[in-house]
Amino acid sequence: SEMCIRDRADASTTVDTIHFNIPATDANHSGGVWTISPGTVLPFITTTITLDASTQPGHVANTNTFPDPMNSSLAVQLSGALLPLDTGGFTVLAGSVGTEIRGFAITDFTGSNAEAIGLSGAVGTKIVGNHIGVAPDGLTVIANQTGVAAFANSSDTVIGGPLPEHRNMLSGNTYSPVYVSGATATGTIIQGNEIGVLGDGSLSGSSYGVIALSDSTGTVIGGVGPGEGNRIGGATALGIQIGSGNSSTSASILGNHIWGSTGLGIDLRNPGGVNPNDAGDGDTGANDLLNYPVITSATESGGTVTAGFDLDVPDGSYRVEFFTNPSGANSSGYGEGELFAGSVDVTVSGGVPTPASTTFPGSAGDVVTATATQGTAAPFGPTSEFSAAFTVTSGDFVVNSTDDDSDNNAGDGACAVS
């Protein structure tokens, strides 16, 4: 199978598909897993090819939809354990339009410059149904340095997708599961993936979740359709980093579940940390340093939360998304977005802050946060950082005394003298 990959990776000018049917008698078969361990670097992919390890007998595709954990069990593992440090796995280059990599567990590509899958000049690459940084069982971390890296001149890359069999488990990678960088890295779509999350729902602990840098544009992280959100959990640095310094990197971040980050859930790096809103939102930088919503109230009655907020952004239409955080607010007090709660479209005009409100299911005591994204339908524009967290209060008051006196504990949900 290794020789077949070598032979076909750059040998043809026509579309090729590599299917797998390795017998159980193969020397590198153990416990239902066939491990391919190259001793030298694999050839670069320079023609259109489909590498489909999901065809190997014993492969079990994921059947769970976002936001449930994945239940896939893969049969083919590509391991970099025998390669020198800084050696990558699959490298996809110009000429490979529409190449697809499906159904592999890709592990053990280590060293500061190593990626499990690296793209440069590639167009329309699809990366679906893989475990990257995780063993075929979906539970055991076998880290790469970086999972998928899309560099300059790579466009229209699709990582995952809304269908269950398209979701990737991008977990356990030491630096970042997904890295997009370069002014000509455009149109990367990242949807439906488990990023930093294992098959049992536990967190694997990469430094970052998703990084988009160096003026890359049109990156889409999540979406508004069924199954398009990603779960991004347990980053030891940042959940999502957009830009670095005063870059013009642009990305939309929609419908994801982001939690457990040591740093911010979303950080528009300028240079880092929470960027305070500015009046009129005229500043520039990553994602235009779009102002986040300011939640002004959140009360619950009958299982419905009514949230009020202000939005001080340039004139236009925006999608404001709300999230609840059962694990509590980020240590910064801003974010994260553990569970998607609902959204509302807001139109801003006249260059003045716009007050608005929306409703979504919830309870008193919920910790809620919000983001703003430019646009109300695809293609969306940039997304803000998370708002400050706000705790929902009860909108139902109980009269529990006939005393004709002032309420000594206003806001406690009981109209009575304590």
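**Sheets, pockets and local geometry**

Guide: In this predicted model, four strands form an open sheet with antiparallel pairing, in the order 28-27-30-31.

Visitor: How many bridges join strand 27 to strand 28?

Guide: Strand 27 covers residues 316-324 and runs antiparallel to strand 28. Within this pairing, E321 stands opposite S343 of strand 28. The number of bridges joining the two strands is nine.

Visitor: Is strand 21 largely enclosed by the rest of the structure, or left exposed?

Guide: Strand 21 comprises residues 238-242. The cut-off for a buried residue is a relative accessible area under 20%. Five of the five residues of strand 21 are buried, so the strand is largely enclosed.

Visitor: In which sense does strand 21 pair with strand 18 and with strand 24?

Guide: Strand 18 and strand 21 are joined over four bridges, and A212 stands opposite I242 in strand 21. Strand 24 (residues 266-268) pairs with strand 21 over three bridges, with D267 as the bridge partner of Q241. The pairing with strand 18 is parallel, and the pairing with strand 24 is parallel.

Visitor: How does the radius of gyration of the protein chain stand against the globule rule?

Guide: The protein chain has one helix and 32 strands. For 418 residues the globule rule gives 22 Å, and the chain comes close to this value, so it is as compact as a globular protein of that length. Its radius of gyration is 23 Å.

Visitor: What share of the residues in the protein chain is buried?

Guide: Along its principal axes, the C-alpha trace spans about 85 × 45 × 30 Å. Of the contacts between residues at least 6 apart in sequence, 76% join residues at least 24 apart. Among the 418 residues of the chain, the buried share is 53%.

Visitor: Which strands give two or more residues to the lining of the largest pocket?

Guide: The largest pocket holds about 200 Å³ of space. Its lining consists of 17 residues, and those nearest its centre are V220, S252, A378, P379 and F380. The elements that give two or more residues to this lining are strand 19 (219-222) and strand 22 (251-254).

Visitor: What is the omega of the peptide bond from A378 to P379?

Guide: A378 and P379 are among the residues nearest the centre of the largest pocket. P379 lies in the loop between strand 30 (367-374) and strand 31. The peptide bond between A378 and P379 is cis, with omega near -5°.

Visitor: How many charged residues line the largest cavity?

Guide: The structure holds four cavities of 30 Å³ or more, and the largest cavity has about 50 Å³ of space. Its lining includes L268, N275, D283 and E385. By class, this lining has five nonpolar residues, three polar residues and, as charged residues, two.

Visitor: Does E115 count as buried or exposed?

Guide: E115 is placed in strand 9 (residues 115-120). Beyond residues up to four places away in sequence, E115 touches G88, G89, F109, T146, G147, A149 and F151. Because its relative accessibility is 17%, and the cut-off is under 20%, E115 counts as buried.

Visitor: What is the relative accessible area of N153?

Guide: N153 lies in the loop between strand 12 (146-150) and strand 13 (158-160). Although N153 is not a glycine, its phi is positive, at about 70°. N153 is partly exposed, and its relative accessible area is 49%.

Methods: Residues are numbered from 1 along each chain as its sequence is written. This is a predicted model: local features need pLDDT of at least 70, side-chain atom pairs count only at pLDDT 80 or more; totals for chains, interfaces and linings use all residues. Side-chain values use heavy atoms; hydrogens and water are left out. On a 1 Å grid over the protein atoms alone, a cavity is a set of points where a 1.4 Å probe fits but cannot get out, and a pocket is an open set with protein on both sides within 12 Å along at least five of seven lines; lining residues have an atom within 4 Å of a point. Grid points are joined across faces, edges and corners, and a volume is the space filled by probe spheres set on the points. Buried means under 20% relative accessible area, exposed over 50%, partly exposed in between (1.4 Å probe, protein chains only). Contact means heavy atoms within 4.5 Å. Two strands pair if DSSP finds at least two bridges between them. The radius of gyration is taken over C-alpha atoms; the globule rule is 2.2 Å times the number of residues to the power 0.38. Ala, Val, Leu, Ile, Met, Phe, Trp, Tyr, Cys and Pro count as nonpolar, Asp, Glu, Lys and Arg as charged, and the others, Gly among them, as polar.
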